[in-house]
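Reader: I have a new model open. Please show me how to read its features, one at a time.

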Amino acid sequence: MLKHKILTGCIAVLSVGTLTAQEQEAASTQEKKLYLKGNALLAPIGIINLAAEKQLSEKYTIQGDVLISPWKSFAGHELQYYSVSVEGRYYFNQAFNHWYVGANLAASSFVLQKWNYWKDTPYVNDRGEVFTKSDLYQKGYSVIIGITGGYQFQLSDRWNMDIYAGIGTSQDFYKGYERGTGKRYDVAQKYNKSGEFLPYRGGIMLSYQIK
């Protein structure tokens, strides 16, 4: 009789333990959300910025995104820009909810005209050749490391809005050309190199939970 009671008690304890473990596992699985996102701020001007953000734990997520700007000419300026980035995020409250900070690593390829080349002012290179700045553009690639800050909140059951901006250091390798002739205006044998500290990402992401 005593053995029967002990056996019954052990079975009950094991059952409760098994159920508790299953519940914890189920809860842990439910917490790992996944959102697909699109930048609503850039879409109206024909720039595609898509991302996926995956939850790693209660407060940490990882996001990967791509940005495609296909404009050979936008308002009279070259604006072809293609980039990929990966970002780790820490939410102060919980994942996908309210304020967060992130560390971002990005790589890009570009054919564009820098903002300080928009005016019709002379440009004289080291060989003494004279060009008009507004006729010049740059082609190359960049590696960027930066930080992101933002705020994400729920719009409905599966929809979120993510407002964010990022700043970082950009290491650029490029060649400079004259529009029309294709002649290089710079005197570097291979690539020009420059480093800049600048805001390089931001927008308003509409996010849809798929998991």
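What follows is a short tour, feature by feature.

Author: Two ground rules come with the model. It is predicted, so local features need pLDDT of at least 70 and side-chain atom pairs count only at pLDDT 80 or more, while totals for chains, interfaces and linings use all residues. Residues are numbered from 1 along each chain as its sequence is written, and side-chain values use heavy atoms, with hydrogens and water left out.

Reader: How many helices and strands are there in the protein chain?

Author: Helices (H or I, at least four residues) and strands (E, at least two) are DSSP runs, numbered from the N terminus. Here the protein chain has 1 helix and 10 strands. Along the sequence the pattern reads α-β-β-β-β-β-β-β-β-β-β.

Reader: What percentage of the residues count as buried?

Author: Buried means under 20% relative accessible area, exposed over 50%, and partly exposed in between (1.4 Å probe, protein chains only). Of the 211 residues of the protein chain, 34% are buried.

Reader: Which residues lie nearest the centre of the second largest pocket?

Author: They are K33, Q94, A95, F96 and N97, out of 14 lining residues. The volume of this second pocket is about 260 Å³. Its lining has 4 nonpolar, 6 polar and 4 charged residues. F96 sits in the loop between β4 and β5. F96 is buried because its relative accessible area is 4%. Its phi is near 70°, a positive value in a residue other than glycine. H98, in strand β5, also deserves a look: its phi is near 75°, again positive in a residue other than glycine. At 31% relative accessibility, H98 is partly exposed.

Reader: Next, charge pairs. How many salt bridges does a search of the whole structure find?

Author: Side chains of opposite charge can pair when their charged atoms come close. A salt bridge here is a side-chain nitrogen of Lys or Arg within 4 Å of a carboxyl oxygen of Asp or Glu. The search finds 11. Take R201 and D65, with their closest N and O atoms 3.3 Å apart. R201 is in strand β10 and D65 in strand β3, 136 residues apart. Both R201 and D65 are buried.

Reader: Which strands hold E87 and R201?

Author: E87 lies in β4 and R201 in β10, so their pair ties together parts 114 residues apart in sequence. Their closest N and O atoms are 3.5 Å apart. E87 counts as buried at 1% relative accessibility, and R201 at 13%.

Reader: What distance separates the closest N and O atoms of R89 and D162?

Author: The distance is 2.9 Å. Shared partners join K37, E53, D65, E87, R89, D162 and R201 into one network of salt bridges.

Reader: Last, the surface. Which residues make the nonpolar patch?

Author: Patches use residues with over 30% relative accessible area and no salt bridge: like charges are joined within 9 Å, nonpolar side chains (Val, Leu, Ile, Met, Phe, Trp, Tyr) within 5 Å. Areas come from the Shrake-Rupley method with a 1.4 Å probe; for residues, only the protein chains shown count as cover. L56, Y60, I62, V86, L105, V143 and I145 make a patch of about 610 Å². β3 (60-74) and β8 (136-154) each give two or more residues to this patch. V143, one of its members, lies in strand β8 and is partly exposed at 38% relative accessible area.

Methods:
On a 1 Å grid over the protein atoms alone, a cavity is a set of points where a 1.4 Å probe fits but cannot get out, and a pocket is an open set with protein on both sides within 12 Å along at least five of seven lines; lining residues have an atom within 4 Å of a point. Grid points are joined across faces, edges and corners, and a volume is the space filled by probe spheres set on the points. Ala, Val, Leu, Ile, Met, Phe, Trp, Tyr, Cys and Pro count as nonpolar, Asp, Glu, Lys and Arg as charged, and the others, Gly among them, as polar.
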